[in-house]
Every structure is written in structure tokens, then in C-alpha cells.
Amino acid sequence: MHIDILTLFPEMFSGVLNTSIMKKAQDLDAFSYETVNFRDYTESKHLKVDDTPYGGGAGMVLSPQPIFDAVDAIKDKQGKKPRVILMCPQGEPHSQAKAEELAQEDHLIFLCGHYEGYDERIREHVVTDEISIGDYVLTGGELGAMVVMDSVVRLLPGVLGNASSAPEDSFSNGLLEHPHYTRPRDFRGMHVPEVLFSGNHAKIDEWRHKQSLKRTYERRKDLIEQRSLTEQEKQWINEWQND
């Protein structure tokens, strides 16, 4: 996978993308990236990339010309048909399912804006996806792009090392992840559940499934409502409701 990031602040990305799992993914040739300052593409003699909105109003709006030209140049260079992702509060809420979908692509372009918004023609003619990381407003799209990139790159083959890690993550199967324990077995009188020492993998899997469902039921009932429950899951939920 190759990722291009259109941003007015390319220096923001070096720390995040060159450490930890993101650095490992590059070392494994799982992905590469390039930051592109779309100010370099403006035709304005004053290097402007924004202007006042037609019809009046507060703030400045990103102009179409620099972004159209930057995306065209990237497409010509890469020779691929990319997904162009606009980071904005109006976008589709990001999810594990969206990360898994984007992880199947060869080329992604992230568009990180600033100011009041984008000229609507950018949305209509350049962008393929609009993504939001939450119902709040940031000063720019850079932090959101980092979040989405991290969620995608970690899913690329070989990046996590353990192939079973990603499928067991919270949200991957519609539930929150089950509790985890490690040594010592007894820490300050707090004990690890005995079932985890049983050696019976079927019982351990059942315990983890039940704990995952319980954690989701207690913390995110909205996910339970979206799920097609098995008879066993319905029975467990009835037990908790009656307690």
C-alpha cells in the first residue's frame, strides 16, 4: 500500500509514522507514504490556498485549484486509481469495518484541511470517502488522518506479527474484546480466573466469548442491538438481566 497525505503541515506526521508499528510496517515494505504540501501547487502569487466564502460568513474556505492539481499530480505519478479520503466532521464515523475495507486498497490519499471548510467541488469531484473520527471539531484533518492510517496499516499482512491479533480486536466481531491477564497469578490478592489455567481451550474460548459479550452489554448496548444474537448469547444476557 502507498499512502499520500495532502497537508499544509507535513512535519506533523514524521513522529507518528516513523515509530512503533507504523515504522515496522515500512521496514516490512507493507506500506510507504509521502506527505504533499498542497501549497506547492497553488497558482496564487501570494501562495494562498484559501479564500473568503461566496455569500459571506466567518472563516476561510480551501480553494479547489491547489487540491485538484495536487491530486492530479499524485495520480499521474502513482498510475493507480486511489481512494481519496477527506477528513471532516461531516463524514462517515470511522469504524473497524471501514479500516478493514480500506486495508484492501493499494493506494490511499488523505486530504487534511484547515480553516472553515472545503470548496464543495472538492467533495463532489475529487473525494471518494469522507471520514470523521468523532462528533467534535479539530483545528485540522491531520490528527484524524493519523488515527485512520494507524487503524488501516496495522491490518496489512505481516504487520502485527501474530495473524490472530487483528481478528480478536474490539469491534472486529461486533463485540468489545474480552479481559486479558498475565503473570503473576496472584497480585496483591487479586487472582486470575481459574478457567485460564484449565488447559481446556474450548472452555477458555467460551469464557472469553461470554466475557466479551458481557463487557459489550455493560458498556455498549448499541452494539448488542445491532448484533444477531445466538441462543447461547441470549441466554447469557437473560442471566445478567435477572441478576
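## A nonpolar surface patch

Patches are made of residues with over 30% relative accessible area and no salt bridge, and nonpolar side chains are joined into one within 5 Å. In this predicted model, Phe9, Met12, Ile133, Tyr136, Leu138, Leu143 and Val147 make a nonpolar surface patch of about 570 Å².

One of the patch residues is Leu138, which is found in the loop between β8 (129-132) and α6. Leu138 has a relative accessible area of 36% and is therefore partly exposed; the cut-off for a patch residue is over 30%.

## Nonpolar cores

In soluble globular proteins, nonpolar side chains tend to be buried together. Here the largest nonpolar core holds 26 residues. Those that touch the most other members are Ile3, Phe31, Leu108, Phe110, Met149, Val152 and Leu156. At least two residues of this core come from each of β1 (2-6), α2 (20-27), β5 (83-93), α4 (96-102), β6 (107-111) and α6 (142-153). Helix α6 gives the largest share, 6 residues.

Which residues does methionine 149 touch, not counting residues up to four places away in sequence? They are Ile3, Ile5, Leu17, Met22, Phe31 and Phe110. Another core, of 19 residues, lies apart from the largest one. Val49, Val71, Val84 and Cys88 are among its members.

## Helix α3

Helix α3 covers residues 64-78, 15 residues in all. From its first C-alpha to its last it reaches 21 Å, close to the 21 Å expected at 1.5 Å a residue. Just after the helix, glycine 79 takes a positive phi of about 65°.

Pro64, Pro66, Ile67, Ala70, Val71 and Ile74 are the buried residues of α3. Their cover includes β1, β2 (32-36), β4 (61-62), β6 and α5 (120-125).

## Salt bridges around lysine 98

The structure holds 16 salt bridges. Two of them involve Lys98. With glutamate 101, the lysine 98 side chain meets in a salt bridge of 3.7 Å, N to O. Both residues lie in helix α4, 3 residues apart, about one turn of the helix. Lysine 98 is buried, at a relative accessible area of 6%, whereas glutamate 101 is partly exposed at 37%.

In the salt bridge between lysine 98 and aspartate 129, the closest N and O atoms are 2.8 Å apart. Lysine 98 belongs to helix α4 and aspartate 129 to strand β8, so this pair ties together parts that are 31 residues apart in sequence. Aspartate 129 has a relative accessible area of 8% and is therefore buried, the cut-off being under 20%. A network of salt bridges links Arg83, Glu92, Lys98, Glu101, Glu105 and Asp129.

The side chains of arginine 185 and glutamate 194 form a salt bridge of 2.9 Å, N to O. Are these two residues buried or exposed? Arginine 185 is partly exposed, with a relative accessible area of 43%, and glutamate 194 counts as exposed at 54%.

Arginine 183 and proline 184 are joined by a cis peptide bond, with omega about 0°. Proline 184 sits in the loop between α6 and β9 (186-187).

## Tryptophan 236

Tryptophan 236 is placed in helix α9, which runs over residues 231-242. Its relative accessibility is 5%, so it counts as buried. Leaving aside neighbours within four places in sequence, tryptophan 236 is in contact with Glu206, His209, Lys210 and Leu213.

Between tryptophan 236 and glutamine 104 there are 36 Å in space, C-alpha to C-alpha. In sequence, these two residues are 132 residues apart.

## Positive phi outside glycine

Serine 20 is not a glycine, yet its phi is positive, at about 55°. This serine 20 lies in helix α2 and is exposed, with a relative accessible area of 62%.

Aspartate 29 also has a positive phi, near 60°, in a residue other than glycine. Aspartate 29 is in the loop between α2 and β2. At a relative accessible area of 69%, aspartate 29 is exposed.

Technical notes
Residues numbered from 1 in each chain as written. Predicted model: local features only at pLDDT ≥ 70, side-chain atom pairs only at ≥ 80, totals over all residues. Heavy atoms only, no water. Core = buried A, V, L, I, M, F, W, Y, C linked by side-chain atoms within 4.5 Å. Buried < 20%, exposed > 50% of the residue type's maximum accessible area, 1.4 Å probe, protein only. Helix = DSSP H or I, 4+ residues; strand = E, 2+ residues; numbered from the N terminus. Contact = heavy atoms within 4.5 Å. Patch = residues over 30% accessible without salt bridge, like charges linked within 9 Å, V, L, I, M, F, W, Y side chains within 5 Å. Areas by Shrake-Rupley, 256 points an atom, 1.4 Å probe, with all protein chains shown as cover. Salt bridge = Lys/Arg side-chain N within 4 Å of Asp/Glu carboxyl O. Expected span 1.5 Å × (residues − 1).
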